[in-house]
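The following note sets out points for a colleague examining the model shown below.

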Amino acid sequence: MDCPVCGETNEINSLYCPRCGWAFVPFTSKKLDEKRLNTHRRLWSGLASGNKAPEKLTTNLPSPIMELINNMVEVEGGTFLMGGTPEQGEEAFNDEKPPHKVTVSTFHIGCYPVTQEQWKAVMGSNPSYFQGERHPVEQVNWMDCQAFVEKLSKMTGLTFRLPTEAEWEYAARGGNKGKGHKYSGGDLLTQVAWYNENSGGTSHEIGQKAPNELGLYDMSGNIWEWVQDWKGDFTDDEQTNPTGPEEGDERICRGGGWNREHDRCRVSYRGDDEPDLRYRSLGLRVVMEK
């Protein structure tokens with residue numbers, strides 16, 4: 001069959017194109033498959049950056065890494081109210097206030113949390129307590145995540161990093177397609193998240209609950225996700241692409257997890273941990289630079 005990205009002729013049973021790295025395996029829906037295809041076409045043609053696709057994309061990357069690349073979702077930039085907005089109700093904590101206007105630029109974020117097979121393909125080991133290739137990786141601290149994105153970037157020739165706290169919340173809210181939900185993807189938590197009342201005391205395979213407006217899965221519940229920022233106070237000031245304080249004691253984590261209550265799964269809830277700590281409910285989701 002001819003590759004829909006670069007036109008190379010490949011055997012029908014190929015998992016991915018050895019020329020451009022396109023994976024032939026359909027994933028969850030026609031709409032999501034189309035987004036993946038368009039993203040990879042942009043990577044290959046270099047339209048996003050104005051340059052040719054990185055040479056690394058022409059090599060045979062491990063299939064879990066190609067899946068990670070193919071499942072990056074473009075989040076169109078925009079302006080939103082960040083923090084304890086009215087739909088968050090009385091559950092909003094003081095550190096979520098005041099809600100304030102934030103503008104973020106366009107970025108690409110993972111459709112799913114990083115899985116254990118993806119982590120192992122980059123790092124060579126799997127530190128997770130709840131073992132399963134399609135489960136999110138966990139028991140990784142903030143520094144582990146920095147090592148992961150650095151090695152992933154070198155492996156692929158692309159640039160990966162953790163999302164900023166503002167990027168994470170904007171994406172969880174559905175970006176400029178957001179409908180003002182309390183949780184990422186809806187107001188009924190059982191439809192969109194694994195949390196302490198329905199998880200059975202364990203993490204779950206990615207993508208088993210409903211996605212949000214951007215097609216992002218598991219941004220509420222399943223596992224917490226490290227972001228780049230140090231923990232800091234919110235102010236009324238309007239901001240553009242904020243990156244948090246320059247220093248601090250704790251890094252932000254977002255989204256809630258399989259072991260926590262419903263109010264921790266809200267899109268504005270701010271978790272925090274010392275960057276050297278590891279938990280069975282704490283992992284990551286990555287952003288890819290244009």
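At roughly what angle do the axes of helix α2 and α4 cross, and within what distance do they come?

1. The model is a predicted one. In it, the axes of α2 (residues 63–70) and α4 cross at roughly 95° and come within 12 Å. An angle from 65 to 115 degrees counts as roughly perpendicular, so α2 is roughly perpendicular to α4.

2. The residues that form this contact are I65, L68 and I69 on the α2 side, and L152, M155 and T156 on the α4 side. Sorted by class, the α2 contact with α4 comprises 5 nonpolar residues and 1 polar residue, with no charged residues.

3. Helix α4, which spans residues 142–156, also lies across strands β6, β8 and β10. Relative to β6, helix α4 runs at about 85°.

4. The sheet to which these strands belong is open and has 4 strands in the order β9-β8-β6-β10, with mixed pairing. From one strand to the next, the twist averages 50°.

5. Within the sheet, β6 (residues 224–230) pairs with β8 (residues 251–254) in the antiparallel sense, over 3 bridges. As a specific point of reference, W226 has C253 in β8 as its bridge partner. In general, the strands of a sheet pair through backbone hydrogen bonds, either parallel or antiparallel.

Conventions: Residues numbered from 1 in each chain as written. Predicted model: local features only at pLDDT ≥ 70, side-chain atom pairs only at ≥ 80, totals over all residues. Heavy atoms only, no water. Pairing = 2+ DSSP bridges. Helix = DSSP H or I, 4+ residues; strand = E, 2+ residues; numbered from the N terminus. Axes fitted to C-alpha atoms, helices over the stretch in contact; angles between N-to-C directions. Contact = heavy atoms within 4.5 Å. Parallel < 35°, antiparallel > 145°, perpendicular 65-115°, else oblique. Nonpolar A, V, L, I, M, F, W, Y, C, P; charged D, E, K, R; others polar.
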